Amino acid sequence: MNQLESFVYKKVKNNYIIKNAIRNIYQGFYDLMPNYDSKFCTQPIVLKNCFFGFHDLNPFSQDNKRILSNKLTIPLRMPTSNDVLEVGFWDGTNFGKWNKIGETKAWNYHKGCRLQWVDDTHCAYNIAEGNTLKSRITNIDTKESTTINWPVDTVSPNGLYATSFSYERLQQMMPGYGYVYKDEYSFLDEQKPSGTGLFLIDLKNNTRKMLLDLASIASISHEEDMDDAFHFVTHTEFSQDNRYIAFLHRWYKGVRRKTRLMVIDTNTNEIHVSPTTGMVSHYCWNSKNGIVAYCRVENIDSHVYFFDPTMRNYKRCAYPKLNSDGHHHFINDDEFVVDTYPDKYRHAKIYKVNITTDETSLLADVRSYKKFASPSIYKHWSCDLHPRCSADGKWLSFDSVFTGERSLCIMNIENNKDIQ
(Lines give C-alpha, C1' and ligand atoms only; values in the text may rest on other atoms or scores of the structure.)
Protein backbone atom coordinates (compact mmCIF):
# COMPACT_ATOMS: atom_id res chain seq x y z
CA MET A 1 0.00 0.00 0.00
CA ASN A 2 1.14 3.53 -0.63
CA GLN A 3 1.24 6.04 2.24
CA LEU A 4 -2.25 7.42 1.63
CA GLU A 5 -3.79 3.94 1.32
CA SER A 6 -1.99 2.81 4.46
CA PHE A 7 -3.17 5.88 6.39
CA VAL A 8 -6.82 5.37 5.41
CA TYR A 9 -6.67 1.61 6.03
CA LYS A 10 -5.36 2.04 9.57
CA LYS A 11 -8.12 4.54 10.33
CA VAL A 12 -10.98 2.28 9.18
CA LYS A 13 -9.63 -1.25 9.71
CA ASN A 14 -11.58 -1.88 12.91
CA ASN A 15 -14.88 -0.69 11.36
CA TYR A 16 -15.83 -3.24 8.71
CA ILE A 17 -18.78 -1.22 7.29
CA ILE A 18 -16.72 1.88 6.51
CA LYS A 19 -13.72 -0.21 5.42
CA ASN A 20 -15.73 -2.20 2.85
CA ALA A 21 -17.52 0.89 1.55
CA ILE A 22 -14.24 2.74 0.92
CA ARG A 23 -12.68 -0.37 -0.67
CA ASN A 24 -15.60 -0.79 -3.08
CA ILE A 25 -15.58 2.84 -4.18
CA TYR A 26 -11.78 2.93 -4.59
CA GLN A 27 -11.53 -0.32 -6.55
CA GLY A 28 -14.62 0.61 -8.59
CA PHE A 29 -12.80 3.65 -9.98
CA TYR A 30 -9.81 1.57 -11.04
CA ASP A 31 -12.09 -1.00 -12.67
CA LEU A 32 -12.41 1.59 -15.43
CA MET A 33 -8.65 1.63 -16.00
CA PRO A 34 -6.56 -0.80 -18.10
CA ASN A 35 -5.44 -3.92 -16.21
CA TYR A 36 -2.64 -6.46 -16.59
CA ASP A 37 -2.29 -10.25 -16.55
CA SER A 38 -1.33 -12.45 -13.61
CA LYS A 39 2.36 -13.32 -13.17
CA PHE A 40 4.03 -16.32 -11.50
CA CYS A 41 7.60 -17.32 -10.70
CA THR A 42 6.72 -20.74 -12.18
CA GLN A 43 3.56 -21.68 -14.02
CA PRO A 44 1.03 -23.13 -11.57
CA ILE A 45 -1.08 -26.26 -11.85
CA VAL A 46 -4.71 -25.11 -11.73
CA LEU A 47 -7.46 -27.39 -10.37
CA LYS A 48 -10.71 -25.61 -11.16
CA ASN A 49 -13.83 -25.58 -9.00
CA CYS A 50 -11.71 -26.54 -5.99
CA PHE A 51 -10.18 -24.80 -2.98
CA PHE A 52 -8.47 -25.68 0.29
CA GLY A 53 -9.12 -22.78 2.62
CA PHE A 54 -7.13 -21.22 5.42
CA HIS A 55 -3.37 -20.61 5.46
CA ASP A 56 -2.57 -22.30 8.79
CA LEU A 57 -2.69 -25.90 7.51
CA ASN A 58 -0.39 -27.85 5.20
CA PRO A 59 -2.50 -29.70 2.59
CA PHE A 60 0.43 -31.72 1.18
CA SER A 61 1.21 -35.26 2.30
CA GLN A 62 4.70 -35.86 3.70
CA ASP A 63 5.89 -37.30 0.36
CA ASN A 64 4.22 -34.46 -1.62
CA LYS A 65 2.34 -37.00 -3.74
CA ARG A 66 -1.11 -36.03 -2.44
CA ILE A 67 -2.77 -32.72 -1.74
CA LEU A 68 -6.01 -32.38 0.22
CA SER A 69 -8.78 -30.42 -1.44
CA ASN A 70 -12.41 -29.39 -1.23
CA LYS A 71 -14.51 -29.61 -4.40
CA LEU A 72 -17.47 -27.29 -4.94
CA THR A 73 -20.93 -28.47 -5.98
CA ILE A 74 -22.75 -25.09 -5.95
CA PRO A 75 -22.40 -21.81 -7.88
CA LEU A 76 -21.08 -18.62 -6.29
CA ARG A 77 -23.40 -17.99 -3.34
CA MET A 78 -23.33 -18.53 0.40
CA PRO A 79 -23.71 -22.19 1.40
CA THR A 80 -26.86 -23.34 3.17
CA SER A 81 -27.33 -26.32 5.49
CA ASN A 82 -28.38 -28.39 2.45
CA ASP A 83 -25.30 -27.69 0.31
CA VAL A 84 -22.73 -30.46 -0.01
CA LEU A 85 -18.97 -29.97 -0.31
CA GLU A 86 -16.93 -32.89 -1.65
CA VAL A 87 -13.81 -33.77 0.34
CA GLY A 88 -10.81 -35.59 -1.07
CA PHE A 89 -7.31 -35.33 -2.46
CA TRP A 90 -5.49 -34.96 -5.76
CA ASP A 91 -2.59 -37.20 -6.77
CA GLY A 92 -1.01 -38.63 -9.92
CA THR A 93 0.84 -36.76 -12.66
CA ASN A 94 0.62 -33.02 -12.03
CA PHE A 95 -1.93 -33.79 -9.31
CA GLY A 96 -4.41 -34.60 -12.05
CA LYS A 97 -6.42 -37.41 -10.40
CA TRP A 98 -9.30 -36.60 -8.06
CA ASN A 99 -9.98 -39.01 -5.19
CA LYS A 100 -13.20 -38.36 -3.28
CA ILE A 101 -13.17 -39.55 0.32
CA GLY A 102 -16.39 -38.03 1.63
CA GLU A 103 -18.90 -35.19 1.75
CA THR A 104 -19.84 -32.54 4.28
CA LYS A 105 -22.50 -29.90 4.82
CA ALA A 106 -20.39 -28.06 7.42
CA TRP A 107 -18.24 -25.65 5.43
CA ASN A 108 -17.57 -22.09 4.33
CA TYR A 109 -15.41 -20.44 1.67
CA HIS A 110 -12.67 -19.19 3.99
CA LYS A 111 -11.89 -22.05 6.32
CA GLY A 112 -13.52 -24.81 4.30
CA CYS A 113 -14.49 -27.74 6.53
CA ARG A 114 -11.09 -27.62 8.30
CA LEU A 115 -9.84 -30.54 6.21
CA GLN A 116 -6.36 -31.50 7.48
CA TRP A 117 -3.92 -34.33 7.95
CA VAL A 118 -3.95 -36.30 11.20
CA ASP A 119 -1.11 -38.59 10.09
CA ASP A 120 0.19 -40.02 6.81
CA THR A 121 -3.01 -41.95 6.04
CA HIS A 122 -5.76 -40.18 8.01
CA CYS A 123 -7.41 -36.81 7.58
CA ALA A 124 -9.97 -34.94 9.67
CA TYR A 125 -12.81 -32.67 8.59
CA ASN A 126 -15.99 -31.23 10.05
CA ILE A 127 -19.40 -32.67 9.26
CA ALA A 128 -23.03 -32.18 10.19
CA GLU A 129 -25.08 -35.14 11.37
CA GLY A 130 -28.63 -33.86 11.17
CA ASN A 131 -28.42 -30.49 12.88
CA THR A 132 -25.41 -31.38 15.02
CA LEU A 133 -21.85 -30.40 14.20
CA LYS A 134 -19.26 -33.14 14.57
CA SER A 135 -16.03 -34.14 12.85
CA ARG A 136 -14.80 -37.21 11.04
CA ILE A 137 -11.41 -38.91 10.83
CA THR A 138 -11.06 -40.94 7.64
CA ASN A 139 -8.42 -43.36 6.41
CA ILE A 140 -7.87 -42.12 2.86
CA ASP A 141 -6.80 -45.58 1.66
CA THR A 142 -9.51 -47.78 3.21
CA LYS A 143 -12.21 -45.07 3.57
CA GLU A 144 -12.87 -46.30 7.12
CA SER A 145 -14.04 -43.45 9.37
CA THR A 146 -14.41 -42.53 13.02
CA THR A 147 -16.80 -39.84 14.19
CA ILE A 148 -15.74 -37.29 16.82
CA ASN A 149 -18.59 -35.75 18.80
CA TRP A 150 -17.50 -32.14 18.23
CA PRO A 151 -16.17 -30.06 15.34
CA VAL A 152 -12.43 -29.44 15.20
CA ASP A 153 -10.45 -26.35 14.39
CA THR A 154 -6.83 -27.56 14.39
CA VAL A 155 -5.35 -31.02 15.00
CA SER A 156 -2.09 -31.21 16.96
CA PRO A 157 1.02 -32.23 14.96
CA ASN A 158 1.17 -35.56 16.83
CA GLY A 159 -2.44 -36.29 15.84
CA LEU A 160 -3.63 -36.84 19.41
CA TYR A 161 -5.62 -33.69 20.13
CA ALA A 162 -7.66 -30.99 18.45
CA THR A 163 -8.86 -27.54 19.41
CA SER A 164 -12.52 -26.59 19.23
CA PHE A 165 -14.93 -23.77 20.04
CA SER A 166 -18.52 -22.76 19.27
CA TYR A 167 -18.88 -22.42 15.52
CA GLU A 168 -22.35 -20.94 16.02
CA ARG A 169 -20.85 -18.14 18.11
CA LEU A 170 -18.14 -17.65 15.49
CA GLN A 171 -20.76 -17.47 12.73
CA GLN A 172 -22.71 -14.88 14.72
CA MET A 173 -19.63 -12.70 15.26
CA MET A 174 -17.89 -13.33 11.92
CA PRO A 175 -20.48 -14.44 9.32
CA GLY A 176 -18.86 -16.70 6.73
CA TYR A 177 -16.29 -18.15 9.12
CA GLY A 178 -18.58 -20.39 11.16
CA TYR A 179 -21.29 -22.77 10.03
CA VAL A 180 -25.05 -22.37 9.64
CA TYR A 181 -25.80 -24.75 12.51
CA LYS A 182 -26.72 -24.22 16.15
CA ASP A 183 -25.00 -25.75 19.16
CA GLU A 184 -25.82 -25.93 22.85
CA TYR A 185 -22.68 -24.06 23.95
CA SER A 186 -22.79 -20.82 21.96
CA PHE A 187 -24.48 -18.69 24.68
CA LEU A 188 -25.26 -15.98 22.13
CA ASP A 189 -27.20 -13.91 24.65
CA GLU A 190 -24.13 -13.56 26.89
CA GLN A 191 -21.18 -11.25 26.22
CA LYS A 192 -18.48 -13.28 27.98
CA PRO A 193 -20.01 -16.55 29.13
CA SER A 194 -18.21 -19.02 31.35
CA GLY A 195 -19.90 -21.95 29.60
CA THR A 196 -17.96 -21.70 26.36
CA GLY A 197 -14.55 -20.73 25.08
CA LEU A 198 -11.50 -22.73 23.98
CA PHE A 199 -11.88 -26.52 24.14
CA LEU A 200 -9.39 -29.37 23.77
CA ILE A 201 -10.55 -32.66 22.23
CA ASP A 202 -8.82 -35.97 22.94
CA LEU A 203 -9.19 -37.64 19.54
CA LYS A 204 -8.31 -41.14 20.74
CA ASN A 205 -10.87 -41.19 23.55
CA ASN A 206 -13.43 -38.88 21.91
CA THR A 207 -13.62 -36.62 24.96
CA ARG A 208 -13.56 -32.84 25.35
CA LYS A 209 -12.54 -30.44 28.12
CA MET A 210 -12.58 -26.68 28.53
CA LEU A 211 -9.13 -25.12 28.45
CA LEU A 212 -10.24 -21.51 28.90
CA ASP A 213 -13.72 -20.01 29.16
CA LEU A 214 -14.54 -16.60 27.72
CA ALA A 215 -15.11 -14.98 31.11
CA SER A 216 -11.63 -16.01 32.21
CA ILE A 217 -10.05 -14.95 28.91
CA ALA A 218 -11.61 -11.49 29.20
CA SER A 219 -10.28 -11.13 32.75
CA ILE A 220 -6.63 -11.72 31.72
CA SER A 221 -4.85 -8.39 31.18
CA HIS A 222 -8.31 -6.85 31.06
CA GLU A 223 -8.81 -3.73 28.96
CA GLU A 224 -11.53 -1.18 29.62
CA ASP A 225 -13.19 -1.50 26.21
CA MET A 226 -13.73 -5.22 26.81
CA ASP A 227 -16.67 -4.24 29.01
CA ASP A 228 -20.06 -4.37 27.28
CA ALA A 229 -18.49 -6.21 24.32
CA PHE A 230 -19.13 -9.70 22.92
CA HIS A 231 -16.13 -12.01 23.21
CA PHE A 232 -15.10 -15.11 21.27
CA VAL A 233 -12.05 -17.12 20.24
CA THR A 234 -10.97 -18.17 16.76
CA HIS A 235 -7.90 -19.02 14.65
CA THR A 236 -6.34 -21.61 16.96
CA GLU A 237 -3.04 -23.31 16.17
CA PHE A 238 -0.72 -25.73 17.98
CA SER A 239 3.00 -25.12 18.13
CA GLN A 240 4.93 -27.74 16.18
CA ASP A 241 6.17 -29.39 19.41
CA ASN A 242 2.50 -29.80 20.52
CA ARG A 243 3.12 -27.88 23.77
CA TYR A 244 1.55 -24.48 23.07
CA ILE A 245 -1.81 -23.43 21.65
CA ALA A 246 -2.16 -19.96 20.19
CA PHE A 247 -5.52 -18.34 19.50
CA LEU A 248 -7.10 -15.00 18.71
CA HIS A 249 -9.27 -13.42 21.40
CA ARG A 250 -11.71 -11.03 19.79
CA TRP A 251 -14.22 -8.64 21.30
CA TYR A 252 -16.84 -6.74 19.31
CA LYS A 253 -18.95 -3.77 20.28
CA GLY A 254 -21.23 -2.69 17.43
CA VAL A 255 -19.08 -2.27 14.33
CA ARG A 256 -15.89 -1.85 16.34
CA ARG A 257 -13.62 -4.90 16.49
CA LYS A 258 -10.51 -5.56 18.54
CA THR A 259 -8.21 -8.58 18.70
CA ARG A 260 -5.20 -9.85 20.58
CA LEU A 261 -3.08 -12.96 20.23
CA MET A 262 -2.86 -15.28 23.23
CA VAL A 263 -0.85 -18.45 23.92
CA ILE A 264 -1.52 -21.13 26.51
CA ASP A 265 1.25 -23.46 27.68
CA THR A 266 -0.49 -26.84 28.05
CA ASN A 267 2.30 -28.09 30.33
CA THR A 268 2.07 -25.30 32.90
CA ASN A 269 -1.28 -23.61 32.03
CA GLU A 270 0.59 -20.28 31.87
CA ILE A 271 -1.05 -17.70 29.60
CA HIS A 272 0.90 -15.27 27.42
CA VAL A 273 -0.66 -12.15 25.88
CA SER A 274 0.72 -10.32 22.87
CA PRO A 275 1.92 -6.72 23.36
CA THR A 276 -0.44 -5.58 20.63
CA THR A 277 -2.75 -2.58 20.66
CA GLY A 278 -6.15 -3.67 19.40
CA MET A 279 -5.30 -5.50 16.19
CA VAL A 280 -4.02 -8.94 15.24
CA SER A 281 -5.31 -10.51 12.05
CA HIS A 282 -3.31 -13.62 11.12
CA TYR A 283 -0.32 -15.59 12.39
CA CYS A 284 1.53 -18.92 12.24
CA TRP A 285 4.27 -20.86 14.09
CA ASN A 286 7.67 -22.12 12.98
CA SER A 287 9.46 -25.13 14.52
CA LYS A 288 11.48 -22.86 16.85
CA ASN A 289 8.24 -21.85 18.59
CA GLY A 290 8.47 -18.44 16.99
CA ILE A 291 5.33 -16.72 15.72
CA VAL A 292 4.92 -14.35 12.82
CA ALA A 293 1.78 -12.21 12.90
CA TYR A 294 0.31 -9.20 11.19
CA CYS A 295 -0.53 -6.95 14.11
CA ARG A 296 -0.33 -3.52 15.66
CA VAL A 297 2.57 -3.06 18.06
CA GLU A 298 3.46 0.39 19.37
CA ASN A 299 0.69 1.71 17.09
CA ILE A 300 2.42 0.48 13.94
CA ASP A 301 0.75 -2.15 11.75
CA SER A 302 3.28 -4.59 10.33
CA HIS A 303 4.38 -8.21 10.05
CA VAL A 304 5.99 -8.95 13.41
CA TYR A 305 8.11 -11.95 14.38
CA PHE A 306 7.85 -12.95 18.05
CA PHE A 307 10.91 -14.98 19.02
CA ASP A 308 9.16 -17.24 21.55
CA PRO A 309 5.68 -17.97 22.98
CA THR A 310 5.98 -15.29 25.66
CA MET A 311 5.95 -12.72 22.81
CA ARG A 312 8.08 -10.33 24.84
CA ASN A 313 10.83 -10.03 22.22
CA TYR A 314 10.04 -9.26 18.62
CA LYS A 315 11.13 -7.59 15.40
CA ARG A 316 9.30 -6.18 12.40
CA CYS A 317 9.71 -8.07 9.11
CA ALA A 318 10.36 -6.28 5.80
CA TYR A 319 8.82 -3.07 7.10
CA PRO A 320 7.90 -0.63 5.61
CA LYS A 321 8.15 -2.36 2.22
CA LEU A 322 5.45 -4.82 3.29
CA ASN A 323 2.87 -2.81 5.20
CA SER A 324 -0.44 -4.52 4.40
CA ASP A 325 -2.37 -7.37 5.97
CA GLY A 326 -1.82 -10.95 4.83
CA HIS A 327 -1.85 -14.66 5.61
CA HIS A 328 1.42 -16.38 6.60
CA HIS A 329 2.88 -19.86 6.25
CA PHE A 330 6.47 -20.81 7.06
CA ILE A 331 8.66 -22.29 4.31
CA ASN A 332 11.35 -23.02 6.90
CA ASP A 333 12.29 -21.51 10.25
CA ASP A 334 13.79 -18.41 8.65
CA GLU A 335 11.42 -17.74 5.74
CA PHE A 336 7.69 -17.45 5.30
CA VAL A 337 5.26 -16.75 2.48
CA VAL A 338 2.55 -14.15 2.87
CA ASP A 339 -0.16 -12.82 0.58
CA THR A 340 -1.87 -9.46 0.26
CA TYR A 341 -5.49 -8.57 -0.26
CA PRO A 342 -6.50 -7.32 -3.73
CA ASP A 343 -5.18 -3.84 -4.39
CA LYS A 344 -6.83 -1.03 -6.34
CA TYR A 345 -6.39 -3.03 -9.56
CA ARG A 346 -7.83 -6.14 -7.82
CA HIS A 347 -4.42 -7.85 -7.88
CA ALA A 348 -3.21 -9.82 -4.86
CA LYS A 349 0.42 -10.86 -4.39
CA ILE A 350 2.40 -13.61 -2.68
CA TYR A 351 5.82 -12.77 -1.23
CA LYS A 352 8.59 -14.83 0.28
CA VAL A 353 10.08 -13.05 3.31
CA ASN A 354 13.34 -13.70 5.15
CA ILE A 355 12.98 -12.97 8.87
CA THR A 356 16.69 -12.29 9.43
CA THR A 357 17.59 -10.22 6.37
CA ASP A 358 14.13 -8.75 5.61
CA GLU A 359 14.73 -9.70 1.98
CA THR A 360 11.54 -10.23 -0.02
CA SER A 361 10.81 -12.03 -3.29
CA LEU A 362 7.62 -11.76 -5.32
CA LEU A 363 6.31 -15.25 -6.15
CA ALA A 364 2.92 -14.43 -7.65
CA ASP A 365 0.90 -11.40 -8.76
CA VAL A 366 -2.63 -12.69 -9.19
CA ARG A 367 -5.67 -10.98 -10.62
CA SER A 368 -9.05 -11.26 -8.95
CA TYR A 369 -12.48 -10.33 -10.31
CA LYS A 370 -15.19 -8.05 -9.01
CA LYS A 371 -17.80 -10.83 -8.71
CA PHE A 372 -15.62 -12.51 -6.07
CA ALA A 373 -15.47 -9.42 -3.85
CA SER A 374 -17.73 -10.04 -0.85
CA PRO A 375 -20.65 -7.61 -1.18
CA SER A 376 -21.36 -7.62 2.56
CA ILE A 377 -20.35 -9.37 5.78
CA TYR A 378 -23.31 -11.70 5.28
CA LYS A 379 -22.22 -12.65 1.78
CA HIS A 380 -18.60 -13.42 2.52
CA TRP A 381 -17.45 -15.41 -0.52
CA SER A 382 -14.23 -13.63 -1.46
CA CYS A 383 -11.24 -15.77 -2.39
CA ASP A 384 -8.11 -14.98 -0.39
CA LEU A 385 -4.92 -16.57 -1.71
CA HIS A 386 -4.09 -18.19 1.65
CA PRO A 387 -0.63 -19.48 0.63
CA ARG A 388 0.44 -22.83 2.14
CA CYS A 389 3.76 -24.66 1.82
CA SER A 390 4.74 -28.31 1.77
CA ALA A 391 6.83 -29.49 4.72
CA ASP A 392 10.03 -29.44 2.66
CA GLY A 393 9.31 -25.96 1.29
CA LYS A 394 9.39 -27.09 -2.35
CA TRP A 395 5.69 -26.66 -3.15
CA LEU A 396 3.29 -23.79 -2.66
CA SER A 397 -0.49 -24.07 -2.89
CA PHE A 398 -2.97 -21.22 -2.90
CA ASP A 399 -6.58 -20.52 -3.79
CA SER A 400 -7.25 -18.12 -6.64
CA VAL A 401 -9.86 -16.89 -9.12
CA PHE A 402 -7.47 -15.56 -11.77
CA THR A 403 -9.02 -17.95 -14.33
CA GLY A 404 -12.52 -16.67 -13.54
CA GLU A 405 -13.28 -19.72 -11.37
CA ARG A 406 -12.37 -20.51 -7.78
CA SER A 407 -9.40 -22.86 -8.14
CA LEU A 408 -6.75 -24.66 -6.13
CA CYS A 409 -3.35 -23.71 -7.53
CA ILE A 410 -0.08 -25.60 -6.99
CA MET A 411 3.30 -24.10 -7.80
CA ASN A 412 6.86 -25.42 -7.46
CA ILE A 413 8.92 -22.77 -5.67
CA GLU A 414 12.16 -24.71 -5.32
CA ASN A 415 14.95 -22.49 -6.71
CA ASN A 416 12.33 -19.92 -7.69
CA LYS A 417 13.22 -16.61 -9.22
CA ASP A 418 11.86 -13.27 -8.11
CA ILE A 419 9.36 -11.99 -10.70
CA GLN A 420 9.71 -8.34 -9.63
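Here's a walk through a nonpolar core, a sheet beside it in our tour, and one threonine. The model is predicted, so local features need pLDDT of at least 70 and side-chain atom pairs count only at pLDDT 80 or more, while totals for chains, interfaces and linings use all residues. Residues are numbered from 1 along each chain as its sequence is written, and side-chain values use heavy atoms, leaving out hydrogens and water.

Let's start with the core. A nonpolar core is a set of buried Ala, Val, Leu, Ile, Met, Phe, Trp, Tyr and Cys residues joined through side-chain atoms within 4.5 Å; buried means under 20% relative accessible area (1.4 Å probe, protein chains only). The largest one here has 30 residues, and Trp90 and Trp107 touch the most other members. Strand β5 gives the largest share, four residues. (Strands are DSSP runs of E, at least two residues, numbered from the N terminus.) Skipping neighbours within four places in sequence, Trp107 is in contact (heavy atoms within 4.5 Å) with residues including Phe51, Leu72 and Tyr179.

Now for the sheet. Four strands make an open, antiparallel sheet in the order β3-β4-β5-β6. Strands pair if DSSP finds at least two bridges between them, and β5 and β6 are joined by seven.

Buried or exposed? Thr104 is buried, because its relative accessible area is 3%. A polar atom of the Thr104 side chain lies 3.0 Å from the backbone nitrogen of Ala106. Further along the sequence, Thr104 is in contact with residues including Tyr125 and Ile127.

Definitions and conventions. Buried < 20%, exposed > 50% of the residue type's maximum accessible area, 1.4 Å probe, protein only. Polar contact = N/O pair within 3.5 Å; in protein donor to acceptor, adjacent residues only side chain to side chain.
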